[in-house]
Amino acid sequence: MIKVVGLGPGHSDYIIPMATQAISEATVVIGYHYYFQFIQHIIKEDALCIGKELSEEEKRAEIAIQHALEGEQVVVIGSGDASIYAMASIVYQKVAEQKLEIPIETVPGISAFITAGSKLGAVLGHDFCCISLSDLMTPWATIEKRIHAAAMGDFVTGLYNPKSKKRYWQLQTLKNIYLEYRSSDTPVAICKQLGREEEEIKITTLVDLNVDEVDMFCVVLIGNSQTFRYKEHLITPRGYLDRKPETGAQIQQASFVEIRNNIPENELPKDALWAAIRCIHTSGDFEYLNYLRTSEDAISRWNEYLKNGGTIVTDVTMVAAGITKAYISKYKNEVICLLNDKETLLLAEKEGLTRTQAGIRIAAEKYPNALFVIGNAPTALIEITDQIQEGTITPTGVIGAPVGFINVIESKERLKTITHIPYALITDKRGGSNFAAAIVNAAFTLQEA
């Protein structure tokens with residue numbers, strides 16, 4: 001039987017009862033010779049104690065296996081927790097490689113990282129990670145990659161093996177990397193000889209971290225972007241301090257910012273770009289940056305029109321439903337959709353028209369100067385463009401976003417030929433009521449751009 005036992009940071013008060021019992025029952029105790037001073041009072045008198053140097057971890061594992069095969073109750077000791085940068089992995093690996101049937105157990109200990117966290121108060125209140133700066137068994141390129149990831153991910157970071165006589169440059173390199181991602185006043189704690197008489201804790205900042213004050217007996221903790229110092233404590237809040245309740249409006253605004261920060265390079269004017277952002281938000285597709293086309297200043301001109309209470313005519317109720325009610329209420333706009341009116345049904349039947357076309361024809365007679373918003377039916381867009389071409393009406397503008405396969409492209413090509421009326425359209429066969437409404441909402445909210 002082999003038990004790999006963590007002794008905690010050093011003081012007997014930090015050795016858990018399970019570890020005390022395992023050591024007191026052992027017939028063979030193996031470990032770094034420095035650690036025996038902390039458990040001498042626990043080891044039974046006739047137990048064999050085998051002390052080795054720091055660099056002899058594999059040798060310790062091999063000796064433990066040898067004695068376990070001879071029927072001894074073997075304990076392999078290590079500081080902190082036996083499974084964190086310690087002997088457990090080496091012992092288990094050796095047993096697995098040799099396919100041995102030796103029972104193994106890991107007895108947990110209080111790690112230096114956890115001890116530092118408790119001594120400092122509440123620095124581990126949010127996500128954290130540990131990185132060993134020892135490149136004896138891990139290539140520096142791998143360690144450096146992990147340093148960048150931890151710094152970028154805003155983890156509270158604990159550093160094991162931060163510095164020794166031969167590892168004198170790694171900590172300075174880490175500091176330089178962290179300063180690329182973290183504020184210079186990020187709290188840092190140097191925790192030395194934790195749990196022992198020589199214990200010393202120094203709190204500083206990332207920019208003022210003096211790597212020469214760190215040695216192999218230290219654990220270094222670096223706070224995240226929210227960690228702050230209060231007296232001799234470091235506190236990392238459970239949540240980010242600047243986080244606000246995520247209302248629908250806040251989520252929407254954050255989405256617009258995300259889109260703006262990731263939008264491809266373009267030459268769209270400000271008002272058209274805002275309409276494109278609203279369309280991208282509706283679809284989740286950045287390609288709508290290329291599908292939206294507007295005449296010059298169309299969105300800007302409609303912004304003024306709508307804020308003055310201008311009337312909106314739509315082909316279908318889905319467009320009307322997609323226009324934000326708060327804007328309509330604020331500016332007292334009237335949204336007209338005659339799709340299901342009795343007069344529309346009679347005209348459609350009499351003239352052989354689609355209901356959308358009939359509804360738009362009647363609306364054009366009643367509201368010839370309105371903003372016409374077509375989000376579904378190409379026949380409705382054809383009706384409007386034909387009337388504009390004939391000089392029957394002079395609307396404030398036309399938004400053309402019918403979707404489908406029959407007459408869709410032809411209706412949009414008609415709209416493109418109009419030069420004296422502001423327009424916006426979704427090209428090709430793409431579009432739909434939601435995009436038509438998104439363009440209207442963009443015109444309402446142009447100041448947000």
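This is a short tour of a predicted model, stop by stop, with something to select at each one.

Residues are numbered from 1 along each chain as its sequence is written, and side-chain values use heavy atoms, with hydrogens and water left out. Because the model is predicted, local features need pLDDT of at least 70 and side-chain atom pairs count only at pLDDT 80 or more, while totals for chains, interfaces and linings use all residues.

**Stop 1: the largest nonpolar core**

Start by selecting W302, I426 and I439. Of the 68 residues in the largest nonpolar core, these three touch the most other members. A nonpolar core here is a set of buried Ala, Val, Leu, Ile, Met, Phe, Trp, Tyr and Cys residues joined through side-chain atoms within 4.5 Å. Buried means under 20% relative accessible area, exposed means over 50%, and partly exposed is in between, with a 1.4 Å probe and protein chains only. Now colour helix α17, residues 433-444, which gives the most to this core, with eight residues. Helices are DSSP runs of H or I with at least four residues, strands are runs of E with at least two, and both are numbered from the N terminus.

Next, centre on W302 and show its surroundings. Leaving aside neighbours within four places in sequence, W302 is in contact (heavy atoms within 4.5 Å) with L371, T396, G397, V398, I399, P422, Y423, A424, I439 and A443. Apart from this core lies another, of 22 residues, and I143, A151, L209 and I222 are among them.

**Stop 2: a loop residue, T311**

Select T311, in the loop between α10 (298-307) and β15 (312-314). Is T311 buried or exposed? At 18% relative accessibility, T311 counts as buried. Not counting residues up to four places away in sequence, T311 touches Y305, E334, I336, Y367, A370 and L371.

**Stop 3**

Two packed helices are described by the angle between their axes and the distance between the axes. The axes are lines fitted to C-alpha atoms, for helices over the stretch in contact, and angles run from 0 to 180 degrees between N-to-C directions.

Begin with α15 (residues 378-390) and α16 (residues 408-416), whose axes come within 9 Å and cross at roughly 25°. The two are therefore roughly parallel to each other; angles under 35 degrees count as roughly parallel, over 145 as roughly antiparallel, 65 to 115 as roughly perpendicular and the rest as oblique. α15 passes α16 in a left-handed crossing, where the near helix is turned anticlockwise from the far one by less than a right angle, and a right-handed crossing is the clockwise case. Show P378, L381, I382, T385 and D386 in α15, which meet V408, S411, K412, R414 and L415 in α16. By class, this contact has five nonpolar, two polar and three charged residues. Ala, Val, Leu, Ile, Met, Phe, Trp, Tyr, Cys and Pro count as nonpolar, Asp, Glu, Lys and Arg as charged, and the others, Gly among them, as polar.

Move on to α2 (residues 57-69) and α3 (residues 87-97), with axes that come within 9 Å and cross at roughly 55°. This pair is therefore oblique, and α2 passes α3 in a right-handed crossing. From α2, pick E57, E58, R60, A61, E62 and I65; from α3, pick M87, I90, V91, K94 and V95. These contact residues divide into six nonpolar, no polar and five charged.

α5 passes α6 in a right-handed crossing. By class, the contact has nine nonpolar, three polar and two charged residues.

**Stop 4**

Most residues other than glycine have a negative phi. Which phi does N161 have, although it is not a glycine? N161 has a positive phi of about 45°. You will find N161 in the loop between β8 (156-160) and α6 (170-181), partly exposed at 29% relative accessibility. K332 also has a positive phi, of about 60°, and sits in the loop between α12 (325-331) and β16 (335-336). K332 is exposed, with a relative accessible area of 67%.

**Stop 5: two distances to draw**

Finish with S184, in the loop between α6 and β9 (187-192). Draw a line from its C-alpha atom to that of G391, 207 residues apart along the chain: the separation is 67 Å. Then try E56, in the loop between β3 (48-52) and α2. The C-alpha atoms of E56 and Y32, 24 residues apart along the chain, are separated by 8.3 Å.
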